[in-house]
Amino acid sequence: MSNIDEEEQPAEPRKPFCPKCGSTDIRGSQSHRMLDFLLKSFSRRPYRCRSCRKRFYLRRPEVDPANDEE
Ligand SMILES: [Zn+2]
């Protein structure tokens, strides 16, 4: 718990990851969709995986991947 000098910690709880492929190479999506706006009201943020391009939502402040679409 006192060894936070690397960003390569596998059990990093705050590091968002893709629920599909598990990749952490994701980016926050600044979409303007109405759906995103609604989800934002529920403290969720849209993300997109740069590896498999899976689009998903994470709950803040907790990281909780949710598969809303499949
Ligand atoms: Zn992915």
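Visitor: How many bridges join β2 to β3?

Guide: Two strands pair if DSSP finds at least two bridges between them. Here 5 bridges join β2 to β3, and the strands run antiparallel. R44 stands opposite R59 in β3. This is a predicted model: local features need pLDDT of at least 70, side-chain atom pairs count only at pLDDT 80 or more, and totals for chains, interfaces and linings use all residues. Residues are numbered from 1 along each chain as its sequence is written.

Visitor: What lies between β2 and β3?

Guide: The two strands form a hairpin with 5 residues between them. In the turn, R53 has a positive phi of about 65°.

Visitor: In what order do the elements run?

Guide: Helices (H or I, at least four residues) and strands (E, at least two) are DSSP runs, numbered from the N terminus. The protein chain has 1 helix and 4 strands. Their order from the N terminus is β-α-β-β-β.

Visitor: Which residues make up the largest nonpolar core?

Guide: In soluble globular proteins, nonpolar side chains tend to be buried together. A nonpolar core is a set of buried Ala, Val, Leu, Ile, Met, Phe, Trp, Tyr and Cys residues (buried: 20 or more other C-beta atoms within 10 Å, placed from the backbone) joined through C-beta atoms within 7 Å. The largest here has 7 residues: C18, I26, Y47, C49, F56, Y57 and L58. The largest share, 3 residues, comes from β3.

Visitor: What does C49 touch?

Guide: Contact means C-beta atoms, placed from the backbone, within 7 Å. Leaving out residues up to four places away in sequence, C49 touches C18, K20, C21, S23, I26 and K54.

Notes. A residue is buried if 20 or more other C-beta atoms lie within 10 Å of its own, exposed if 12 or fewer, and partly exposed in between; C-beta atoms are placed from the backbone. Two residues are in contact if their C-beta atoms, placed from the backbone, lie within 7 Å.
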